[in-house]
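Hi,

Here is the structure I promised to pass on to you.

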Amino acid sequence: MFRLPIDAEAFPLGKGPMVMLVLFLVSTLFIFGRTEQEGESLEFWIFANTHYEEYQARVPIFEAQNPGVNVHLINFGNTMHDKLLASMLSNFGAPDLVEVEITSIGRFLKGAIDEVGFVDLRPRLESEGWMEKLVVSRFTPWSYRGRIFGIPHDLHPVVLLYRDDLFKAAGVEMTEVETWDDFIAAGKKATRDLDDDGEIDQYAIVLDRRTESDYFSLLLQQGGGFFDEEGNVIIDSELAIETLEFFTALFNEHEIATPVYGTWHGDPSNFAAMQDGKILSILAPDWYVGILKSQVPQMAGKWKAIPMPAWHPGGRRTTTRGGTMIGMTKQSRNPDRAWELLKFTYFDRSGLVNRYETTRIIPPLKSAWDAPIFKEPDTYLGGQPLGDLFIQLAPDLPPRYQNPYWSEGADLLNDAIFAAVTEKQTPREALTDLAEKVRALIAKDQGRWGEL
Amino acid sequence: MRTKPTTYRFWNQQQKIAPYLFIAPFYILFVVFMGFPLISSLVMSLYEMRGFQSRIFVGIGNFTDLFGDPIFWKSLKNTAYFAVGTLTLQLPIALLLAILLNSKYVRGKNILRLAFFAPVLVAGVFVAIIFNLVYDERSGLVNNEFLVLGKQIGWLNEENYVMPAVILTGVWQWAGFNMIYFLAGLQGIRQELYEAAAVDGANWWQAFLHITLPSLRPVIAFVFVVSMIGSLQLFDLPYILTNGGEPADAGSTIVMYLYKNGFQFMRLGYAATIGWVLFFIIAIISIVQLRLLGIFRDE
């Protein structure tokens, strides 16, 4: 029979505590005794599932091209930004490379510019000549005080996606719409009570009145914004007020807009309303078309796209919504190798073509745009080459200036839009109040620690 | 005999030392993961972060700012609304369900018990997504199947209906869970008391009032306090259901506002202040509740 080499009964307090001690020692050895994998190691954090699928296929190719390099790709989903914040605050545990979402980047820019946890990539971009190869306006969301903290993953141009069959049934040819005035005229014909029960059954457009998404897209199209390039609050400018007046009029005066079903455009209730023919058009960035394809494939062939109506004849026919960047953290122990991986995932033509195939996302690298796939007819849009339309609009994207106070500002902007659309405040009152609040917030911080 | 006598001094001392060693892991973990963060967050509430690496001392500035912050008061009001809704709606329903399931006239108790308990097994995020569909103003189940009021209620779009929608969702999710506590309490009441009351001519209501309720007092106190604390810490359900408190902060709660300040606005000092104010609110309410329910009273 097996016998322990030591007398377990002689151990202080007996056999049980001895077993616990042995387990403790073994697990300690296991945890601390693990050897690091040989060679260089890079950690890459992301938050988007669609990106994960793409990079999972790309990483082994990079590892094969760079023998001895191990890439740890981790998809933390929605909690990633909080984990990144914690790792930057503790100055420990941040990855080499990380993707950050456009509404989340502001918080990482708080405080003195030298304390930002990302590496300024401008020197590398300029010395290797990448700036000219990318859409320059797309660097604005990821830049602050002259430094570039991230490289754009995407452009996210916006088009007007519409139900051609239902507009035609209402006697409207949408390809003739060029300005928002044209759209209002078309929308009044298409917004109809089909069964004469006194209730409107189909609305010309669906807009989000609870969050900034649609209003802010329209404001960017006008050339406005929340902050200007110097960081001044400009959300109470005449341009911003006019845009909100227009936005609220679509609901209350022209009565051609319906609030989004559910809580946002990607809500299943919203998709259901689209299928029921209650919604005839929507402002759609490229990624949203990707979502529609995966969530409501049965609507293939029912949608068509035109450039957004312009504010004035000959004006800008697009805007931008959403976005992701890739950044390198200052905690990276291997910045040169990380830069190589960054270029491999963001600037490699075949990878970008593959990205469009799976997500419909147009890349900011201009040299990739002549790939045949962008000219291919899109069956979801009844054969219309959607990629080509997005690429035509891409050079005209408006800038979107980033600011550390974006999160606070956007939170209050949501309230201001809702107050204006529900007529609790006029658009002027809502935006003036909002601008005062944000200016007071900034002034208070500056009063505490001076200009940063 | 558990240990053999030994001449070594350590073995002589081990009887005294060993108990401390065995309880040490808890205290070490408590100090590292509770004690230190608690003190550190108290210190943090007196500072404000200035970027990632430096901070500035503001004294009680964060507390004075908080008491003048309308969104904090709105979040506090919403949280209190939810707590009151939970205590006045959810707990009576839970008690009623427990009484029904404890009744000898009800059949299929095991299946019913599982059915009522099941919602608590669903993660809050899924509950919120499901109820988003249920409450949709124009296509949701509630407006289209249950309410024939001649009015489409914007459960998640009109400010006045957002918190009632959250409370009703809370009832669906948690009433069955609290029912289990009440059921356990009911099963612990001695049958002889009811038999004696019946002999004395007491009716059902009198028995409930004079036997059931007093016997359940410790369980009711426990469920009240735990539900109240849970309500005051409400976060995930309204965060998903109302897309971060929209519209117009009508669905904002204290913990949601704390999260936004700490993680979205990078105002860690302010967030720590909200945390401490919440702690004092919970402590005071819990003590008052326990006193009112007589838990501190000597039997």
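Below is what I found about the salt bridges.

Please keep in mind that this is a predicted model. Over all chains, the count comes to 30 salt bridges. I picked out a few of them for you.

Let me start with a contact between chains. Asp65(B) and Arg448(A) form a salt bridge, with their closest N and O atoms 3.0 Å apart. Asp65(B) sits in helix 2 (residues 61-67) of chain B, while Arg448(A) belongs to helix 15 (residues 427-449) of chain A, so this pair crosses from one chain to the other. With a relative accessible area of 21%, Arg448(A) is partly exposed.

Within chain B, a salt bridge joins the side chains of Lys74(B) and Glu159(B), at 3.8 Å from N to O. Lys74(B) is in helix 3 (residues 70-102) and Glu159(B) in helix 7 (residues 159-187), so the pair ties together parts that lie 85 residues apart in sequence. Both partners are partly exposed: Lys74(B) has 29% relative accessibility, and Glu159(B) has a relative accessible area of 25%.

In chain A, Asp276(A) and Lys278(A) meet through their side chains in a salt bridge of 4.0 Å, N to O. Here Asp276(A) is exposed because its relative accessibility of 53% is over 50%, whereas Lys278(A) is partly exposed at 24%.

Finally, which residues are linked in a network of salt bridges? They are Lys110(A), Glu408(A) and Asp445(A), together with Arg267(B).

How values were computed: Residues are numbered from 1 along each chain as its sequence is written. Chains are lettered from A and ligands numbered from 1 in the order in which they are written. This is a predicted model: local features need pLDDT of at least 70, side-chain atom pairs count only at pLDDT 80 or more; totals for chains, interfaces and linings use all residues. Side-chain values use heavy atoms; hydrogens and water are left out. Buried means under 20% relative accessible area, exposed over 50%, partly exposed in between (1.4 Å probe, protein chains only). Helices (H or I, at least four residues) and strands (E, at least two) are DSSP runs, numbered from the N terminus.
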